[in-house]
Amino acid sequence: MQYLEFKISCKEDFREVLIAELAEVGFDSFLETDQGLDAYIEEGLFDREAYQEVLEKYQEVAHVLVEEGVMAKVNWNEEWEKHYDPIQVGEQVYVRASFHAPKPEIAHEILINPKMSFGTGHHATTFLMLSHQLDLDHQGKRVIDIGSGTGILAIMAHKLGARQVEAFDIDDWCVENGNENFDLNGMSTVRMGLGTVREVAPQGIFDIVLANINKNVLLEEMEVYASLLDRGGFLLLSGFYTHDITDIEQKAAMEGLRLLKQKDKDNWAALILEKQ
Ligand SMILES: C[S@@+](CC[C@H](N)C(=O)[O-])C[C@H]1O[C@@H](n2cnc3c(N)ncnc32)[C@H](O)[C@@H]1O
């Protein structure tokens, strides 16, 4: 597989935001550098217009240093080992890779070897979703994770006692990596599916629906999420900014979902909504 590499100069404060935006248009790997970011995308997936739209949005803070150079596949495991530190969420959750030392004193340890997928807990949206999950009783519950990335939220649900966990993502690299992470966390009976919620068309009804994607996808798919939930069930959403909460809340209300709780970090928001 050939990759395009973009060297983007970017102020440190905006790196996370830019990574999230570029991930949405198909970039799947990032390395932070002294000057900003190196961002990578599979050659066949590169959509110049979508990429330029993101950079234009952040033109105050980001510019391309060097246009793409086609390169051979990078050894991401090696790169991740250099750049990925464990992270703790509250008192009870510790996210680490298999090459980090364990912390047995913490209640829930999540093993993530991220490779090319999004979801290590470092990004505010993942962190907020995990924090919301800790506030919800998962014991014996049916949980579905839409846009699962590394599978981190699905794994959290399993660790918190969910009896049924389903997960899927539109990116086949995430599916491959997610399944590896499920195996690492004792979830080898759970397999990540490939596709959008409409394509996968999950069967049955759920107590908790998790979706950390982006504003447009969430608004567009909200009615499907609502239809998957049992009455009294919870929808956890993230992937949008605090200034988008009203739009998300209004759309949710149209689908019979009431806002229960909100958290934010670095301008990113995450909500818990309840199905009426
Ligand atoms: C922001 S990441 C979240 C990953 C992980 N769930 C987390 O919380 O860290 C969003 C993920 O959603 C996937 N995605 C984007 N659009 C999607 C869609 N319509 N349906 C399912 N997955 C989607 C992306 O491939 C990406 O892995």
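Two residues are in contact if their C-beta atoms, placed from the backbone, lie within 7 Å. This report applies that idea, among others, to a predicted model.

## The surroundings of the ligand

By this definition Asp169 touches Gly147, Ser148, Gly149, Cys174, Val175, Gly178 and Met192, when residues up to four places away in sequence are left out. Asp169 belongs to strand β9, residues 164-169. A residue is buried if 20 or more other C-beta atoms lie within 10 Å of its own. Asp169 has 27 such neighbours inside 10 Å, and therefore counts as buried.

The ligand is surrounded by 21 residues, the closest of which are Gly119, Thr126, Gly147, Gly149 and Asn212. Helix α4 gives the most, with 3 residues. By type, the shell divides into 9 nonpolar, 10 polar and 2 charged residues.

Thr126 lies in helix α4. With 28 other C-beta atoms within 10 Å, Thr126 is buried. Its contacts, again without residues up to four places away in sequence, are Gly119, Gly121, Ile152 and Asn212. The unreviewed UniProt entry places the feature "binding site" at Thr126, Gly147, Asp169 and Asn212.

Strands of a sheet pair through backbone hydrogen bonds, either parallel or antiparallel.

β5 and β6 pair in the antiparallel sense over 3 bridges. Their hairpin has 3 residues between the strands, and Gly90 takes a positive phi near 60° there. β6 (residues 93-96) pairs with β7 in the parallel sense over 4 bridges. Individual residue pairs show these arrangements: Ile87 has Val95 of β6 as its bridge partner, Tyr94 stands opposite Glu109 in β7, and Arg96 has Leu111 of β7 as its bridge partner.

In a regular strand the side chains alternate between the two faces of the sheet. Both faces of β6 are covered: Val93 and Val95 on one side, and Tyr94 and Arg96 on the other, are all buried.

## The sheet of seven strands

A further open sheet has 7 strands in the order β10-β9-β8-β11-β12-β14-β13, and its pairing is also mixed. The edges are formed by β10 (193-194) and β13 (257-265), each with a single partner strand, so one side of each is left without a neighbour in the sheet. Strand β13 pairs with β14 (residues 268-275) in the antiparallel sense over 8 bridges. Within this pair, Lys261 stands opposite Ile272 in β14. Helix α9 (residues 245-254) lies across β12 (229-241), β13 and β14, and runs at about 160° to β13.

| Strand pair | Sense | Bridges |
|---|---|---|
| β5 and β6 | antiparallel | 3 bridges |
| β6 and β7 | parallel | 4 bridges |
| β13 and β14 | antiparallel | 8 bridges |

Note on methods:
Residues numbered from 1 in each chain as written. Predicted model: local features only at pLDDT ≥ 70, side-chain atom pairs only at ≥ 80, totals over all residues. Near = placed C-beta within 6 Å. Helix = DSSP H or I, 4+ residues; strand = E, 2+ residues; numbered from the N terminus. Nonpolar A, V, L, I, M, F, W, Y, C, P; charged D, E, K, R; others polar. Pairing = 2+ DSSP bridges. UniProt positions renumbered as here; feature names shortened; annotations may be inferred. Buried ≥ 20, exposed ≤ 12 C-beta atoms within 10 Å, placed from the backbone. Axes fitted to C-alpha atoms, helices over the stretch in contact; angles between N-to-C directions.
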